[in-house]
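The sequence and structure are shown first.

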Amino acid sequence: MAMISTNEFKNGVKVMMDGDPCSILENEYVKPGKGQAFNRVKLRNLKTGRVLEKTFKSGDTLEAADAQDTELQYLYNDGEMWNFMSPTTYEQYTVSKETIGDSAKWLKEQDICIVTLWNNNAIGVTPPIFSILKVTETDPGIRGDTATGGSKPATLETGAVVRVPLFINIGDILKIDTRTGEYISRGK
Amino acid sequence: MSIYQGENKIRTRLLLRAKILAKVRDFFAKRGILEVETPLLCKATNPAPYLSNFYCDNLYLQTSPEFAMKKLLAAGSGDIYQICKAFRKEEFGRLHNPEFTMLEWYRINFDHHDLMDEVEELLKYTINSSKASRYSYQEICEKYLKLNPHKITVKKLKQLAKENDLLVAGISDDRDTWLQLLFTHLVEPNLGIKQPVFIYDFPASQAMLAKIRHHGKIKVASRFEVYYRGIELANGFHELSNPREQLRRFNLDVKKRCELNLPKIEIDYDFLAILSKIPRCSGVAVGFDRLLLLAAKTTSLNEILCFRE
């Protein structure tokens, strides 16, 4: 397996840390005036999403992780697993409920997502930044009220609940920022 | 090689460098200190294990002009300063570049406290810094790490590193390395937030090329470092002139290099031969690019250097 040295730790490089694949976020070179140099590294565990900080001796190496982010199309949920397909190779991947986590509530069939593959297994799913979803349930809209800052909850076709302006009605198509879960605008 | 990174425009960078260079030269001219040049290519180099050398055709690119400048001092140069390039392989980061500019000077009949006064004046003159504060290494460790660096055991240092999530794999049981790990991570970021801070009287084991003296029952190195806005800016010594003691320290470095599987470096016997002839003096090296960084109030060399690999 390829080894990667601390001076090659750049943003996005994937390494193995305590048995899990991790992605490097930041790498700060720290050196006392006269002495051993260190690298203070921020990594994201690709399985759990947790961010950890580790200090290494400069020049130390970690095993490279065979992990990459791939664009896959979400096909369907069979009740147990979420199914994806590569639009280029047509290879199919299944993702468990645990792995997909909170991302599930933003996924509409046919959406293109970023799926992290490790040793060709899906270990994480990032939904598209903006998701276009239909309102299935919300209190009746207040006619003409397009300016006041009021908001109300609305349930979307995927089951996600978001805060929306008062004028939104059932059947409206909304654009949602999936990173924050915030309403952006009425879609087409 | 023509990549420059960051926001600052090239012209802004060039003007700043030229302005501070002129101020530095003016500062030394007013004091009658002579500007000198020494070779960048050297037959011998400092064996310190933490320095990694560029080496080609039996010649080293200097990691600092220290040995050559001391040869000038021993030959009767008088007070001297130099602005030159220094090279340290593998050092790359926000505050490091493998090729960098160093400002180094030597003052005859100064001890390290006299030289700290002069460094403070240089900082005021070049980057308008405010009045500096001074702490001994022991005082600053007591303040931020709650420990006496001259007495603490390696075991306790490791425990403290663990408590602070700083446990690093593969470090030997070397007290100084553990002290430095804690110092760089837990002390340095707090130093010189508003005004420059001088730290002096380091543990004798971190003396490098400085004199060692007794402070009560403890041996301390007459060495200082300067920090400003969390950045280590300079290192100074009350210079050791005892060749026997210097050889003893070089031999320790050579042994350590061997243990760490680092390239072997021959001891510079020419340097040892002149060492007893250098006058009583103190010397300091300032990272010139970092001085510019402080002048520009930025936090990365990406905003200062015009060429960055």
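Predicted model: local features only at pLDDT ≥ 70, side-chain atom pairs only at ≥ 80, totals over all residues.

A salt bridge is counted where a side-chain nitrogen of Lys or Arg lies within 4 Å of a carboxyl oxygen of Asp or Glu. Residues are numbered from 1 along each chain as its sequence is written, chains are lettered from A and ligands numbered from 1 in the order in which they are written, and side-chain values use heavy atoms, without hydrogens and water.

## Salt bridges

Over all chains, the structure holds 28 salt bridges. One of them joins the side chains of A:Asp20 and A:Lys47, with an N to O distance of 3.5 Å. Because A:Asp20 lies in strand 3 (residues 20-30) of chain A and A:Lys47 in the loop between strand 4 (38-45) and strand 5 (51-57) of chain A, the pair ties together parts that are 27 residues apart in sequence. Strands here are DSSP runs of E with at least two residues, helices are runs of H or I with at least four, and both are numbered from the N terminus.

## Contact between the chains

Two salt bridges are counted between chain B and chain A. A salt bridge links A:Glu28 with B:Arg94, whose closest N and O atoms are 2.9 Å apart. In terms of contact (heavy atoms within 4.5 Å), 26 residues of chain B meet 17 residues of chain A. The buried area, meaning the accessible area (1.4 Å probe) that two parts lose on being put together, summed over both, is about 1,800 Å² between chain B and chain A, and carbon and sulfur atoms give 55% of it. Of the area that chain B buries against chain A, B:Tyr50, B:Gln180 and B:His185 supply 26%, more than any other three residues.

Axes are lines fitted to C-alpha atoms, for helices over the stretch in contact, and angles run from 0 to 180 degrees between N-to-C directions. A crossing is left-handed if the near helix is turned anticlockwise from the far one by less than a right angle, and right-handed if clockwise.

| Helices of chain B | Angle | Axis distance |
|---|---|---|
| Helix 1 (residues 10-30) and helix 3 (residues 112-127) | about 135 degrees | 9 Å |
| Helix 4 (residues 137-144) and helix 6 | about 65 degrees | 11 Å |
| Helix 5 (residues 154-163) and helix 6 (residues 175-187) | roughly 30 degrees | within 10 Å |

Helix 1 of chain B and helix 3 of chain B cross in a right-handed sense. Their contact includes B:Phe27 and B:Phe28 of helix 1 of chain B and B:Leu122 and B:Tyr125 of helix 3 of chain B.

The crossing of helix 4 of chain B and helix 6 of chain B is left-handed. Here B:Tyr137, B:Ile140, B:Cys141 and B:Tyr144 of helix 4 of chain B meet B:Leu179, B:Phe183, B:Leu186 and B:Val187 of helix 6 of chain B.

Helix 5 of chain B and helix 6 of chain B also cross in a left-handed sense.
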